[in-house]
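Student: I am new to this structure and would like a close look at a single part of it. Please show it to me.

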Amino acid sequence: MKTIARTIEEPTAKKAAKKKTAKKTTAKKTASAKKPAAKKTAKATTASAKKTTAKKTAKKAAAKKTTTKKVPKTSPLKTTPIAEFVLDRLSGWQAEAVEALCALVLSEAPEATQAIKWSQPVFELGGPFAFIRLAAKHVTFGFWRGADLKDPRGVLEGEGDRMKHIKLRSATLDEPLLRGFIRQAIKLNATRGDPTRR
């Protein structure tokens with residue numbers, strides 16, 4: 001009888017031990033299953049944040065492209081120091097007007113240099129001879145020796161004894177008039193020297 005009882009007790013004890021081991025294994029599997037789920041959630045949150053940042057960056061880039069799209073790829077602004085300065089501040093007809101002015105000056109004086117001086121775009125040949133000033137509702141195209149320029153139509157403005165300018169309110173330029181002013185300004189610098197050293 002004792003032998004039979006032992007035989008019955010032993011398998012029962014083994015079964016109980018196996019059940020405990022199985023429970024522990026199941027608990028471990030459940031815990032390890034939860035950990036990757038937590039990791040997956042963290043990764044998903046990080047990925048979501050990266051996507052949001054990428055979308056914002058893409059929107060900013062698209063906004064910049066929209067502004068600069070208005071100036072053709074062949075624009076003289078693309079290869080000059082004026083480009084970054086002007087295109088960051090202007091769009092629409094004003095950007096077109098500045099582009100047209102740069103093209104006009106370069107066609108009359110291809111050897112002229114362009115720079116940002118005195119917080120504005122400046123054209124120089126024997127010293128500064130013309131400048132562009134940006135305003136909310138117009139673009140100013142001015143000349144260092146504007147007071148000495150022949151102005152048959154009386155379009156040049158300015159109270160000073162040297163500088164005069166014309167205000168542009170559209171991208172359509174009176175090219176013959178402006179070409180005449182540019183040529184005169186260059187000749188004055190050639191005969192009188194740099195106007196800033198007077």
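Student: Which residue in β3 is the bridge partner of glutamate 124? Please describe the strand around that glutamate as well.

Tutor: The partner of glutamate 124 is proline 128 in β3. This is a predicted model, in which local features need pLDDT of at least 70, side-chain atom pairs count only at pLDDT 80 or more, and totals for chains, interfaces and linings use all residues. Residues are numbered from 1 along each chain as its sequence is written, and side-chain values use heavy atoms, with hydrogens and water left out.

Glu124 lies in strand β2, residues 120-124; strands are DSSP runs of E with at least two residues, numbered from the N terminus. Two strands pair if DSSP finds at least two bridges between them. β2 pairs with β3 (residues 128-134) in the antiparallel sense, over three bridges. Three residues separate β2 and β3 in their hairpin, and glycine 126 in the turn has a positive phi of about 70°.

β2 also runs antiparallel to strand β1 (residues 113-117), joined to it by five bridges. Here phenylalanine 123 of β2 stands opposite glutamine 114. The hairpin of β1 and β2 has two residues between the strands, and tryptophan 118 takes a positive phi near 55°.

Now to the side chains. In a regular strand they alternate between the two faces of the sheet. In β2, Gln120, Val122 and Glu124 are on one side, Pro121 and Phe123 are on the other, and all are buried (under 20% relative accessible area, with exposed over 50% and partly exposed in between, using a 1.4 Å probe and protein chains only).

Key:
Helices (H or I, at least four residues) and strands (E, at least two) are DSSP runs, numbered from the N terminus.
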